Amino acid sequence: MGRGLLPAAAGSTVDDGGKLKSSWPEMVGKHMVEAAFTIKSERQDVVLEFHTADDSQPPDFDAHRVCIFVDDNLIVVRTPVVG
């Protein structure tokens, strides 16, 4: 399953190609509150889902969802991505 970039929406952070940001590798190791704030500030069009580190990625793709996987200390352990 690929993780593509979507066309830019007003008020959203875009990459150099004019596409919406679709992953946040810089959030790994951060507290879930900081990650949630950063992602929502850059992509107002997505809904955040929080999962434990042991959960698997949901099988269905959703272009308006970002899953945040956290450990017992609420630290992000996987790169949050759209999908």
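A: The answer below starts with the chain as a whole and then turns to the core. The model is a predicted one. The chain contains one helix and three strands, arranged along the sequence as α-β-β-β. Of its 83 residues, 33% are buried.

The largest nonpolar core is made of 12 residues. Trp24, Met27, Ala35, Ala36, Ile39 and Val46 belong to it, together with Leu48, Val66, Ile68, Val70, Val76 and Val82. Helix α1 (32-42) and strand β2 (65-70) each contribute at least two residues to this core. In soluble globular proteins, nonpolar side chains tend to be buried together.

Val46 is one of the core residues. Leaving aside residues up to four places away in sequence, Val46 touches Ile39, Lys40, Ala63, His64, Arg65 and Val66. Ile39 and Val66 are themselves listed in the core.

Ser22 sits in the segment before α1. Ser22 counts as buried because its relative accessible area is 10%, under the 20% cut-off. Between Ser22 and Glu42 there are 9.8 Å in space, C-alpha to C-alpha, at a sequence separation of 20 residues.

As for rings, zero aromatic pairs turn up in a search of the whole structure. Arg78, however, lies over the face of Phe69, 3.8 Å from the ring centre.

For the chain overall, 38% of the contacts with a separation of 6 or more involve residues 24 or more positions apart. The accessible surface is about 4,700 Å², with 57% belonging to carbon and sulfur atoms.

Key:
Residues numbered from 1 in each chain as written. Predicted model: local features only at pLDDT ≥ 70, side-chain atom pairs only at ≥ 80, totals over all residues. Heavy atoms only, no water. Core = buried A, V, L, I, M, F, W, Y, C linked by side-chain atoms within 4.5 Å. Buried < 20%, exposed > 50% of the residue type's maximum accessible area, 1.4 Å probe, protein only. Helix = DSSP H or I, 4+ residues; strand = E, 2+ residues; numbered from the N terminus. Contact = heavy atoms within 4.5 Å. Phe/Tyr/Trp six-rings, centres within 6.5 Å; stacked < 30°, edge-to-face > 60°. Lys NZ or Arg CZ within 6 Å of the ring centre and 35° of its normal. Areas by Shrake-Rupley, 256 points an atom, 1.4 Å probe, with all protein chains shown as cover.
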